[in-house]
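Here are my notes for you on this one. Have a look at the picture before you read on.

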Amino acid sequence: MFWALLFYLLIKQPSEIPLLYVNISFAVILLGVVLYSYFSYRNFQFHIDYSKEEFILRKGVFSSDYLAVPFDKIQQVNFERGILQRIIGVYSLVIDTAGSAAKEVKIKAINREEAEALSEILISRKKEHVKPDSEIEQEAEEKSSWEYRLSLSTLLKIGLSSNFFRGFGLILAFFSTIFNELNNLFNEEKEMLLQAAGKVAVPTGSAFIYGILFLVLLFLSILITVAEVFIKYYNLNLKQTKDRLLLEMGLRTNTRVGLQPRRVQILSITTNPIQQKLDLWEARITLASSRSKKGKNKVNIPGLTGEAASRVKEFLYHRREEITLASYRPHTVDLFRRINISLIPVGLSLVFPLAMAEVNFAEWAVFSSIYLVIITSYNYLMHKSLRLEFSEDFFVKSYGVWDKTVQTSELYKLQAVSVKSPFWYKRRGLVNLIFHTAGGDISFRAVDEEVLKLMNYSLYKVETSNLAWM
Amino acid sequence: MDSINQGESFKNEIIALDSLPGFQEVPYNPVSGELLSKHLIQLSSWLLAVAAFCIFLFYNQQEDWLTAGIALVAFVIFCFLYFNVWKMQKVYGYCLREKDIIYRRGYIITKTTVISFNRIQHVSISRGILDKLFKIATLKIFTAGGSGSDISIPGLKPELARNLKEALVRKISEDDGGRV
């Protein structure tokens, strides 16, 4: 924006006196930028502390940041190069630690020898207690103890019994772009077309047209959903080897993943009433997210039979169902919260009948009551379905109105736990819980304070465990 | 798998559940009073900006009721914000236990986060301009969880922040030594 403004002023050449001021202020800003860059360069310092086994970085001009990364927390050291960096012949060195992309450390301009030397030091110091992935992959090729394949008929069944809302959304997005394009193209003829359309549509009866339109849309949604399922999961093959599950699938781009129990953070198993009848279950596995594997930390395996699903679970979590220690459901205030939130759009939409003459109040009332009935029953069912259970080694959250999901996570793999108590909960003795896993947060609202005992237990599990968690 | 052995050595869950140390009743260390001053300065500069805007409206706007309305709303919001800042100060607290660190903040919604030392990825100290002015620092603790699981404890004396950081780093490496 700054450059655009400068450019504009240079081209446009307004009267002279303001131009002088503008020039002065630009000079000041430029000086500021140069000074800032200089100090930010001078204050950007890093070194390696061998005694503490840490990489240390200081930076900041006005503020100051002091960052210490222990060697063994470093996941990867990467080189990166942008266009500007290519021109000057330098590299970016990215030190990747576990967690989100925001947590990486980036050294923006470093020459090749230094970059290599530094990464050498960091990598060699990092205690290597994990075998690199490729190595295991090869050894896994050899024998598989259990295998599961998806037949074409199962794929079709999955497609037909899936939630069509997604397909519907895709169609809606598709048509709205087409409509926009057409709108832009035929801006002039629009009036005429609308008149012509009006002449046709009104006498035939709009209800009939809408009915047909709805059926066509439904059909298309189903078609798209089925097509998507085929493209994504064609030829799905799940193999269990000694130490991992190998998954292969996909029509166009062949996805191939190895799932090691150690890396699994959350296992969700979903089904809906129709799929349950057909004995179809979908497993979604969330792995520890890291920058280098962005977008690949969720793996979906649809079309498992109940038996296969429990096999997957048993393999990833080493054992079968455990005895439940405690089970919790959200307090009714959570239902009220949901209903209150769903009322917000109704309140906002009140603007339409008030401000616009074309929208009449009765219509608004009809639409909002239909919306309210649907959303309230949805919220009620959702509220009823929520459940949090603790067993000796796991916590399990189940929820879902149509697609019923059971999320299971190992207690010892938790990264941290948070407990929120809004002041209006305190009288009722309620808390909101957040389980922070390396694969994302799982939260559970409005639980009785009793649950804190189990949170202490979870912490106990984390703190007494010295197993690798990713 | 040694996880199984561990499960077996811990059989009597129900009784143990109550005897486990609770993180709700720990004695929290307060943060420095300078943090309150910092928050007050921040809020007051916002207040000045909004007040300047209201005065500008007063001289340039025909409809006085609109200006009055905006000023009133701003007044109410700022009263609330000052109240919140003042109340919040007392809630800020942290506690180091043998195996984890507990951090509590927020008045309207009090949030308590517990991070076990063996899940800490790295630690950093950061100081803004105001922090330097008031001689305080913020200690940031990162885990491999989402950003929700990272904590940053503001309003610590710089030496304290450095000592805490050193202590945490020592704890982290101790834990790793135990893992082999």
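The points below go from one chain to the place where the two chains meet.

1. Before anything else, keep in mind that this is a predicted model.

2. Let's start with chain A by itself. Chain A has 470 residues, and 26% of them count as buried. Its make-up is 16 helices and 20 strands. If you take the contacts in chain A between residues at least 6 apart in sequence, 54% of them join residues at least 24 apart.

3. Now for the sheet. Six strands form an open sheet with antiparallel pairing, and the order is S1(A)-S2(A)-S3(A)-S5(B)-S6(B)-S7(B). At the edges you'll find strand S1 (45-49) of chain A and strand S7 (151-156) of chain B, each pairing on one side only. On average, neighbouring strands here are turned by 15 degrees against each other, direction ignored.

4. Where do five bridges join a strand of chain A to a strand of chain B? Look at strand S3 (residues 64-70) of chain A and strand S5 (residues 120-127) of chain B, which run antiparallel.

5. Finally, the contact as a whole. Chain A puts in 51 residues and chain B puts in 48. On the side of chain B that touches chain A, the elements giving two or more residues include helix H1 (2-9), strand S6 (137-143) and helix H6 (158-179) of chain B. S4(B) gives the most to that side, with eight residues. Sorted by class, this side of chain B has 22 polar, 16 nonpolar and 10 charged residues.

Definitions and conventions: Residues numbered from 1 in each chain as written. Chains lettered and ligands numbered in written order. Predicted model: local features only at pLDDT ≥ 70, side-chain atom pairs only at ≥ 80, totals over all residues. Pairing = 2+ DSSP bridges. Helix = DSSP H or I, 4+ residues; strand = E, 2+ residues; numbered from the N terminus. Axes fitted to C-alpha atoms, helices over the stretch in contact; angles between N-to-C directions. Buried ≥ 20, exposed ≤ 12 C-beta atoms within 10 Å, placed from the backbone. Contact = placed C-beta atoms within 7 Å. Nonpolar A, V, L, I, M, F, W, Y, C, P; charged D, E, K, R; others polar.
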